[in-house]
Amino acid sequence: MRDAVIGIPRYLSYYSFAPLYETFFRELGFQVRLSPPSNTDILDAGVRETVNDACIPIKIFHGHVAAIKDRVDFLFVPRLAGAKMHYTVCPKFLGLPDMVRGSISDLPDIIAPRLPMGRDGLQGLRSLYRTGVRLTGRRVQAMRALHNARRALGRRINQIQQGGLEALGFDQPRDADLTVALIGYPYMLYDTLASGGILGQLRALGVRVVTPEMVSTREMRRHARAYPENLFWYYSNRSLWAGMHYMTSGLADGIIHVTAFGCGPDAMVNKLLELESARYGAPFMAITVDEHTGDVGLRTRVEAFVDMLRWQAARKEGLT
Ligand code: SF4
C-alpha cells in the first residue's frame, strides 16, 4: 500500500519552519508533497478564492492550497497562536485553517494543530506530538519524529545565522560594495512572487543582503529590552528588532522594509522603523507590495535607493 500523502503549502510559516514540518511528517511515514513555488497562477487562484480585502500573503496562501488540494490525502494548515498573553501572531495565522475551509471547496482532511509562538519562536509542541499520535497511533514514533524535526529546524536556524542567505539557496555578489538590510516577514522576503523579486534585483546591482533571520536570538533580545512594550505580534517584533540591529550596528548601509498592502501589524512596524531610522540617520525605504505591483516600478525604486547609498558612500570618502 502506498504511503499517505500530506500536502504542505509552500508559503507563510513554511518559510520559517520548513525543516520542522517536512521532517516531522516524513518520520511519521508520510509522503510529503509541497505546492509549487509561488507563481502568477497561484496568485490568480488566491485572489479568486479569498475575500477581497485580505492581505496579499493570505491570498497567495489560498492559491497554494488550491494548487495542491486535489493531489494529497491530507493538507497541513497549522494554526500559529501566541504561547502567552503578550506574545502572539497576526490573527490571520490563528484563523488560517478556518479561512481556508470557508473559502475553498472539496478539500481533503485538514491537519491543523495549534503551534504556540513565544518571543523567540515555537514554544513546546505538544499539539504536533498529539497530531502524530492521532495519525499513526504510535506514541514512540510520534515522539521520535518530533525530536528529529526540532533538531532539523535548529540546524537550519544555525546555518542561516552563520551562513547568511547562501544557506537559504540565494547567491550573493562576490564583490559587493554595499550591504542592504532587507526587513520584513520571511514569507515576504524569500518568496520571489511576494517580494517582487527584490533579492535578485539587489544581487544584480552588486549589493549584499542581510535579513532578520541572520540576527541572533541574543541580539534580538537586546533590542527587545530597549522598548517598554513589545509589538505583540511575533513576526512584527522580529522585523522591528532586526531593523534596530542593522541601524545601530553599522552592519548595513541602508534599510529596505518590504511590507504587504493591507497588513495591519506592518503599519506600526513601518512607522517605528521610519522614526528610528531618522533618529539614527540610517537611509530607509519602504516598499509596499500588492497583487498589482509591477517588476519595473519596483526595480526603479530599488535602483534609485542603491544609487543614493553609493553617492552617500562616495561623499563620505570625499570622492564627490
Ligand atoms: S502579518 Fe500582515 S501580511 Fe502577515 S498575514 Fe497578518 S496581515 Fe497579512
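Predicted model: local features only at pLDDT ≥ 70, side-chain atom pairs only at ≥ 80, totals over all residues.
## Domain arrangement

The protein chain is divided into two parts, domain 1 (5-160) and domain 2 (170-316). Taken over C-alpha atoms, the centres of domain 1 and domain 2 are separated by 26 Å. Their contact involves 23 residues from domain 1 and 25 residues from domain 2.

On the side of domain 1 that touches domain 2, at least two residues each are supplied by helix H1 (14-27), helix H2 (40-49) and helix H3. Of these helices, H3 provides the largest share, four residues. By class, this side of domain 1 comprises 14 nonpolar, five polar and four charged residues.

## Nonpolar core

The largest nonpolar core contains 90 residues, and those with the most contacts inside it are Phe 24, Leu 182 and Ile 255. Both domain 1 (5-160) and domain 2 (170-316) give residues to this core, so it lies between them.

Leaving aside residues up to four places away in sequence, Leu 182 touches Leu 189, Ile 198, Val 209, Thr 211, Ile 256 and Val 258.

## Ligand surroundings

Which residues surround the ligand? The shell consists of Cys 55, Pro 57, Ile 58, Cys 90, Lys 92, Tyr 185, Tyr 235, Ala 260, Cys 263, Gly 264, Pro 265 and Asp 266. The greatest contribution is that of H13, with three residues.

Both domains take part in the shell around the ligand: domain 1 (5-160) and domain 2 (170-316) each provide at least three residues. By class, the shell has nine nonpolar residues, one polar residue and two charged residues.

## A three-stranded sheet

An open sheet is formed by three strands in the order E4-E6-E7, with mixed pairing. Strand E4 (79-82) and strand E7 (121-122) stand at the edges and each has a single partner strand, so one side of each is left without a neighbour in the sheet.

Strand E6 (residues 114-118) pairs with E7 in the antiparallel sense, over two bridges. Within this part of the sheet, Met 117 has Leu 122 in E7 as its bridge partner.

Terms used. Residues numbered from 1 in each chain as written. Core = buried A, V, L, I, M, F, W, Y, C linked by C-beta atoms within 7 Å. Buried ≥ 20, exposed ≤ 12 C-beta atoms within 10 Å, placed from the backbone. Domains from an automatic or database assignment. Contact = placed C-beta atoms within 7 Å. Near = placed C-beta within 6 Å. Nonpolar A, V, L, I, M, F, W, Y, C, P; charged D, E, K, R; others polar. Pairing = 2+ DSSP bridges.
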